[in-house]
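Here is a short report for a first look at this structure. Start with the chain below, then read on.

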Amino acid sequence: MTRYVVATTPIDGQKPGTSGLRKKTPVFMQPHYLENFVQAIFTGTGGAEGKTYVLGGDGRYFNDRAAQVILRMAAANGAKKVIVGQNALLSTPAASNLIRRRQTDGGIIMSASHNPGGPTEDFGVKFNTANGGPAPESITEAIFEQTKTLSEYAICEAQDVDLSKLGVTTLFGMEIEVVDPVVDYHLMMEEIFDFEAIRDLFASGFTMRFDAMHAVTGPYAKAILEGSLGAPEGSVVNAVPSPDFGGGHPDPNPIWAKPLMDLMFSCDAPDFGAASDGDGDRNMIVGRNTYVTPSDSLAVLAANATLVPGYKDGLKGVARSMPTSRALDRVAEALDIPCYETPTGWKFFGNLLDAGRATLCGEESAGTGSDHVREKDGLWAVLFWLNVLAVRQQSVAEVMAEHWAKFGRNYYSRHDFEAVDSDAANGLMEALRNRLPNQPGRVVEGMTIEAADEFAYDDPVDGSRSEHQGIRIMFKDGGRIVFRLSGTGTEGATLRVYLEKVETNVAALQDNPQNALSGIIAAADKLAEIRLRTGRDAPDVIT
Ligand code: VG1
Ligand code: CO
């Protein structure tokens, strides 16, 4: 076995986005591409010498090859140990848990999350720090700086490590421990939730379908829902992770999880439906004939948290990303706990969780989580709902109706315009930005604009400031539109338009969101000239 130092030159564009570096797989497979980025992670975080890491991914195409490269580079960089999920698989929340439980120096997760996978689709790499969470901006910046200057990387020449076998091996003096990806995660879920109550629920005839979307949560869901909780065999579908996610988008929303939606709105619907994404950190919740908007789901979990053993003493505080609906704020107000508003991306919750200021966090993009790990957690949210339903003995629709009656309903939807020409998208944002000072007082679609700004976040824990986090238009009656460009796409630009309207009239709580939001939707087009500037008549994805 030989250690090599390979000469390389910086590669443009290796700037981590909302959640790590994501590129088309062929880009990642170019000579030196992955190696440069991995070396930048090690060097940008003070070197790998003597350190211990966790490594795993969502099983997408190139996951297995990339794992071998990363192991060889970790060894050549002097790492002490790497804990790897069997077959290089680990869901993002399970990786976060392992980083924390085993007190490692961090972890590398190979995933492009909800983006499709395959030889011509997407691949990604993200670095998590010792707290188990996504690296904060200061660290992703340091990594990016390295990618711009590095001239060499270290790697050793070796046979592939057999990652299918559990146990310990060594590579160039570095210890490699291959672990079952599910076991530790499963234990943690048992510590948080009332498994007995959920078992009783299934034993009473309660039915569910969990769609793993051919992605990483399949083995977790099989073991926990069917194996441990007694959900009938076959409740978990598409449970075997596949390199191209069965040719689909592993994105749990009504568009990409359409078969689940169709089932839940049919006469054969089970009591409960759920899905998760590529790397297992997102969740979709559907009741019989009832789709639960992620923002509402977060608010419901906060309102019912004390029904779950892990949160029986109450929540210290809650946090949501800025574009997430303000349904959570209403619950926080009622509970008299702080509610923080952060930029999009889980990395901004880390400090609040570490400082004990927030217990529960969430994003409108189907991410919900708590201080049990430092990532959002798809299956955790599903178990949370099951625990709540088991205690309340109600249907999802009943829980939602009671919630809205108590707190009012924040009608909410997100419209995505994907693969838009980058110049057109930047032009649209720039024009909106320039017009901000003139917006207050303006009447659009019969609604008066109360305030308009570009969101910036001052982290209350470390004082860091993050600017340009989305443009907000606030209306007098509580309505709101947010415009942002995605930081996870790999093709052109994706314009996200977040639409919200508050309804407290009890007679108007059961409307279709697109209908209830029609005025806000029309106002968004007027304000941002979406059709004109993007040439699109309608969004590509509505969630
Ligand atoms: C999107 C979501 C954001 C989420 C991020 C990563 O980012 O909007 O809420 O944290 O994806 O999720 P963006 O920049 O494309 O809007 V995941 O499950 O893809 O790691
Ligand atoms: Co994800």
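## One buried residue

A residue counts as buried if 20 or more other C-beta atoms lie within 10 Å of its own. This model is predicted. In it, alanine 381 has 27 other C-beta atoms within 10 Å, so alanine 381 is buried.

Alanine 381 sits in helix H13. Leaving out residues up to four places away in sequence, alanine 381 touches Asn283, Ser297 and Thr368. Isoleucine 285 is 96 residues from alanine 381 in sequence, yet their C-alpha atoms are 8.6 Å apart in space.

## The cores

In soluble globular proteins, nonpolar side chains tend to be buried together. Here the largest nonpolar core holds 129 residues. Ala74, Val82 and Ala302 touch the most other members. Helix H13 (residues 378-392) gives the most to this core: 11 residues. Both domain 1 (2-180) and domain 2 (185-407) give residues to the core, so it lies between them.

What does valine 82 contact, apart from its neighbours within four places in sequence? Its contacts are Tyr53, Leu55, Leu71, Ala74, Met174 and Ile176. A second, separate core has 31 residues, including Phe483, Ala493, Leu495 and Tyr498.

## Where domains 2 and 3 meet

The chain divides into domain 1 (2-180), domain 2 (185-407) and domain 3 (409-542). The centres of domain 2 and domain 3, taken over C-alpha atoms, are 25 Å apart. Their contact takes 18 residues from domain 2 and 19 residues from domain 3.

On the side of domain 2 that touches domain 3, helix H12 (350-354) and helix H14 (396-407) each supply at least two residues. The residues of that side are 10 nonpolar, 6 polar and 2 charged.

Technical notes: Residues numbered from 1 in each chain as written. Chains lettered and ligands numbered in written order. Predicted model: local features only at pLDDT ≥ 70, side-chain atom pairs only at ≥ 80, totals over all residues. Core = buried A, V, L, I, M, F, W, Y, C linked by C-beta atoms within 7 Å. Buried ≥ 20, exposed ≤ 12 C-beta atoms within 10 Å, placed from the backbone. Helix = DSSP H or I, 4+ residues; strand = E, 2+ residues; numbered from the N terminus. Domains from an automatic or database assignment. Contact = placed C-beta atoms within 7 Å. Nonpolar A, V, L, I, M, F, W, Y, C, P; charged D, E, K, R; others polar.
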